[in-house]
Each structure stands twice: as C-alpha cells, then as structure tokens.
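This report looks at a few local features of one model, taking a helix, a loop residue and a further helix in turn.

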Amino acid sequence: MTFKKKELADGAAPSRKGRKKWLKWAILAAILLAAGIFVFRSCKAGQEALNAMAAAAYHYDAAVKQDINVSLTGTGTLQPADSYEVNAMVTGEILNAPFEEGDVLEEGALLYEIDPSDAQNNIDRAEISLERSRMGYDQTAENLEKLQIKANRAGYLTSLTVEPGDEVQAGQAIGSIQDSSVMVLRVPFNSADAANLSLGGSALVTPSGSFESLPGVITKIDSTDTAMAGGMLVRYLEIEVENPGGLSGGGEAFAEASGLACNSAGTFSYKAETPVTAGISGKVASIAIQEGGWADKDSVILTLESKDLQKSLKDSELALKDGELSLQNQRDQLEDYRVTSPIAGTVVQKSYKAGDNLTASGSRALCTIYDLSYLTMDLNIDELDISKLKVGQKVAITADAVEGRVYEGTITKISVQGSTSGGVTTYPVTIQIDETDGLLPGMNVDAEILVDSVSDVLAVPAAAVQRGDRVLVAADSETGKAALEADPEGAAAGAPEGYVWAKVTLGLSSDRYVEIVGGLSEGDAIAYPANEGGGFFFGGNGMMVEPDGAMPMGDGGTVTYSTEWR
C-alpha cells in the first residue's frame with residue numbers, strides 16, 4: 001500500500017481531521033516496530049532451542065568388547081510324556097476298582113473288574129452254535145468223501161454195472177470185490193467121521209478132473225447133521241485152500257482129512273466176495289478200475305459228482321468259519337471286562353468306583369493316567385529360523401511357578417510338516433525335560449534356545465548401525481580421521497557436529513548388539529539416534545521432518561536418522 005502526504009496552504013495550520021489521521025498512522029508504525037523486534041528475538045531463541053533438541057536426540061556410547069548370544073525364545077505349555085484316557089468297551093456293574101487318584105501304577109496293573117455274566121452267556125451260546133456248525137460241516141465233508149467209491153477189501157472187481165454219466169442212488173450196488181487168492185471148499189463128511197476131525201486140522205483137496213492135491217486147513221465144521229439121499233447123515237466142513245490160479249467159484253473138489261475121505265464132492269467159493277455200493281447219490285464222473293481189474297483195499301473204484309453237495313459243503317464251511325469268529329469275538333470281549341493300565345504312570349483322575357454301573361450312554365472316561373517320567377512342550381518356530389535348530393540341542397526352560405530355577409530341555413523332534421498363517425510358516429519343535437521337580441503338566445513355561453554365540457568381540461548397540469552398514473564415530477578419533485580421509489564428502493554428509501560416518505564390517509548380531517568385525521577400534525566414541533522407535537524432529541530451519549528424512553542443522557549441515565535398525 002502507498003501512502004501520500006497531502007500539501008497545505010502557506011501559513012495554514014493542519015485541520016483537526018488531518019491531525020487525527022497522522023496520529024493513527026504513527027501508532028500503527030510503533031506497533032509494527034515492536035512486533036518486528038519480538039519476532040527477531042523469538043527466532044533466535046527458537047533456533048537455540050532446536051539446536052538443543054537436535055543434540056539431545058542422540059545416545060552416546062563406545063565400541064567395546066563383550067559376548068554376544070543369539071537365541072530363539074518362545075512360550076509353551078507342559079505336557080506329560082504320555083497320557084491315556086481309559087474307556088470302557090463293555091457295560092455292567094463294576095465289581096472292583098482297587099486304585100485311587102495319585103497312585104503310581106505299573107503297566108498292566110488292574111484298574112477295574114466288570115461283571116462278565118452277560119459275556120459268559122454269549123460265549124456259551126456261541127459255543128453251542130459253533131458245535132452245530134461243526135457237525136453240519138463234518139457231515140457234509142463225510143458225504144463229499146463218499147463221492148469216491150472205494151474198495152472195501154482187496155480183490156478183483158466183478159459185475160461193474162455203471163458207466164460215466166450214469167446217475168447213481170445212495171445204497172445202489174455197482175459191482176463186487178472178490179478175493180480169489182484163497183478159496184473155500186464146502187464139502188460133506190459122514191457124521192461119524194466128522195466127529196473125529198477138529199478145527200485147524202490139515203486136509204488135502206483134489207479138484208475134480210485133476211490129480212493134484214492141494215493142502216488146506218479145516219476152518220469150520222457144522223454142528224448139526226444133514227440127511228443126504230438114502231438117509232445117510234453128514235456134516236459139512238469148510239476147508240480153505242490157497243488158489244494156485246486155476247480155481248474159481250462153483251468148481252468142485254474132493255477132500256481128505258486124517259485119512260478120512262469126504263462123502264461126496266464139494267463146491268468152491270471165494271473166501272471174500274463183497275458188494276460195492278454207493279454211499280451217496282450222484283453222477284458217475286470217472287471210473288478208475290475197470291471190471292476184472294485188481295483193487296487194493298481203499299483204492300478208488302469210481303468218482304461221483306454232485307453240485308448240490310459241493311454248494312452245501314461251501315455253505316457249511318462258511319457257517320463254521322463264522323461260528324469260530326463269533327466265539328473268538330465273544331472270548332475277546334470277555335477280556336474287556338477286566339480293565340488294566342495301558343501305560344506305567346500316575347492316576348490323575350478316577351471317574352468310577354466299585355458298585356457303579358456302566359451304561360451304553362455313559363461318555364466319561366473311567367480314569368486318566370499320566371506318564372510323568374518326563375515332560376514335553378512344543379514350540380512353533382518360524383521358517384527363517386528352523387534351519388538353526390537340530391535334534392539334541394539344549395534348551396533353557398523357566399517357569400513363573402518356579403522362581404529362580406532354570407531347567408534343561410532337549411530338542412527331541414523337529415517336524416517337517418509346517419502350518420501357514422498370514423503368509424508365515426512355522427514348524428513345531430518338541431522339547432523334552434527330564435528333571436521336572438516342581439513342574440507339572442499344564443504349566444506355562446518360557447524356552448530359550450541358544451543358536452549362536454561369540455565371546456570377547458568388538459560390538460556396538462544394534463541401533464548404532466545405520467543403512468549401508470555405517471556407524472557415527474567421533475570425528476577426532478583415528479577411525480573418524482581415516483573415514484574422512486577415505487571419503488571426505490560421504491563421511492561428513494548428514495553427520496551431526498563432531499561425528500562422521502564410518503563404514504563397518506558386521507559379524508554376529510542379536511536383538512541388542514552387533515559384532516563389528518572391521519571398521520571400528522575398541523573404545524571408539526559412537527553416536528546413534530535416541531528416538532529408536534521412530535517419531536519426528538524439528539530441523540534447524542524450523543521444519544518438521546520424519547526420522548528417515550534429512551534434518552537441516554543450524555550450521556547448514558544435515559543428519560540422516562533411520563529407523564531401520566539391525
């Protein structure tokens with residue numbers, strides 16, 4: 001705005017209105033002058049305050065030697081080495097329960113005895129059913145064997161009346177077996193002469209038309225007389241003679257014994273001639289011995305077939321197998337009425353006592369047993385850290401419930417089956433604690449696993465290492481001088497007054513300290529931002545900047561504050 005002075009006439013005094021305007025502008029000028037002085041002084045004080053804030057925004061420390069331990073930590077809940085809920089497989093009244101909560105039991109110790117009356121009745125019924133099935137099977141198997149018709153004695157097969165394909169009924173005669181090796185001569189002797197002969201006595205047999213006599217043995221003498229033609233009384237004798245090969249049934253011969261001759265010629269018969277009959281109905285499938293052939297005792301003469309009998313045998317076999325399984329199942333169930341401890345351990349809960357009745361609707365476990373020989377816990381380890389662990393590695397365990405004591409655990413299992421949530425995969429690691437005095441299942445504990453460590457190494461706080469592996473070091477130190485000499489502009493860029501950036505080589509790092517392998521010397525003074533958690537600073541020009549930004553200082557320099565700590 002431009003103000004112009006108004007000209008007055010010579011010798012004329014200013015008007016009253018003009019004097020008022022002049023006074024107004026004079027007051028306004030005075031106010032502006034005072035405000036300017038105040039602003040100048042305030043800016044100077046503010047700059048000094050900002051400089052003080054910038055100086056207080058740093059921690060000051062030194063590079064020193066110390067030990068660094070890198071550990072994985074986590075929390076978990078203790079579990080027993082093994083646990084078992086004992087459940088009832090049967091129903092009934094509990095007759096005996098000889099244990100109490102807190103008892104330490106051996107594996108196989110008796111827990112409960114349940115009334116087995118129902119089970120025993122079921123076993124009895126299963127045994128009866130099995131016996132019936134066995135009888136039916138045996139009868140069917142016996143009938144199946146009858147499909148093979150066998151010789152009931154050794155001899156020649158005669159009078160074979162069937163051919164393959166013929167139907168045969170049970171009891172039907174299909175031929176006969178004759179034993180022609182021994183012939184029997186039935187011959188009459190006068191009764192008076194027969195009275196002088198005895199069983200087992202020798203005799204001579206002469207076949208009709210032959211002049212050759214064969215030795216024989218008297219095997220039978222009739223006890224009664226028989227009247228012959230003309231009224232002569234005789235008694236018949238039976239004499240056995242070995243067949244030399246020419247004798248046959250129906251042939252005649254004379255006999256003499258003890259010098260006494262027979263009354264008349266007798267007739268030969270075979271010593272053994274028995275019919276061959278079918279024991280069961282069926283169709284002739286094959287003939288093993290043809291008519292006139294020799295058959296040893298129990299040799300197969302012919303074979304029948306019967307589809308109905310084969311099916312009946314299969315049904316009987318299945319019924320027998322089912323009966324055996326049913327009986328075994330009932331006997332196995334009988335064992336369920338005697339409940340024993342599946343593991344060695346401590347009874348932590350007993351839900352039933354003697355006299356209680358177990359019903360099918362009951363859902364509670366009979367009791368719960370813990371194996372407390374050792375305790376276990378599981379930790380879920382991040383996929384980035386799981387490779388740092390191995391089975392057998394030691395773990396430090398602490399519990400709030402047991403103050404001042406550290407327990408030793410051992411990694412016993414590292415699962416390869418992980419679980420993913422929120423894009424992060426973790427793997428369960430099982431830890432075993434053998435010395436458990438004071439610890440109980442269900443307690444929450446802390447675990448610390450040492451994965452790496454170094455001793456007596458040069459280290460700085462983790463917050464002191466900035467991006468690019470740089471550390472603020474005192475400019476007047478040997479390390480600072482060397483940094484300035486190597487990179488004058490880079491070392492000083494953004495560094496606070498009295499400090500420069502030194503490039504370092506890092507080693508092992510923990511959540512608090514970082515090992516410095518190279519770039520610093522023991523005792524070097526270092527600085528790092530105090531606002532480790534982020535935030536804002538005011539620069540020397542009064543502007544608010546974020547920690548990752550450049551903050552101008554009062555002397556025109558800048559300091560870079562990074563929240564990306566190691």
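A residue is called buried here when its relative accessible area is under 20%, and exposed when that value is over 50%. The model is a predicted one.

## Helix H5

In helix H5, which covers residues 478–486, Thr 479, Gly 480 and Ala 483 are buried. Viewed down the axis of H5, these buried residues fall within an arc of 100°, so they line one face of the helix. Glu 478 and Glu 485, on the other side of H5, are exposed.

The packing partners of the buried residues of H5 are strand E30 (470–474), helix H6 (488–492) and strand E31 (499–503).

## Asp 524

Asp 524 is placed in the loop that runs between strand E33 (513–518) and strand E34 (525–529). Asp 524 is buried yet has no salt bridge, and the nearest side chain of opposite charge, that of Lys 481, is 11 Å away.

Leaving aside neighbours within four places in sequence, the residues in contact with Asp 524 include Asp 61, Ala 62, Ala 63 and Val 473.

## Helix H2

Helix H2 (residues 117–145) has 29 residues, which at 1.5 Å a residue should span 42 Å, and the 42 Å between its end C-alpha atoms agrees with this. Among the buried residues of H2 are Ala 119, Ile 123, Ala 126 and Leu 130, and the buried residues of H2 pack against helix H4 (307–336).

Methods
Residues are numbered from 1 along each chain as its sequence is written. This is a predicted model: local features need pLDDT of at least 70, side-chain atom pairs count only at pLDDT 80 or more; totals for chains, interfaces and linings use all residues. Side-chain values use heavy atoms; hydrogens and water are left out. Helices (H or I, at least four residues) and strands (E, at least two) are DSSP runs, numbered from the N terminus. Buried means under 20% relative accessible area, exposed over 50%, partly exposed in between (1.4 Å probe, protein chains only). Lys and Arg count as positive and Asp and Glu as negative; His and the chain ends are not counted. A salt bridge is a side-chain nitrogen of Lys or Arg within 4 Å of a carboxyl oxygen of Asp or Glu. Contact means heavy atoms within 4.5 Å. The arc is that of the directions from the helix axis to the C-beta atoms. The expected span of a helix is 1.5 Å times one less than its number of residues.
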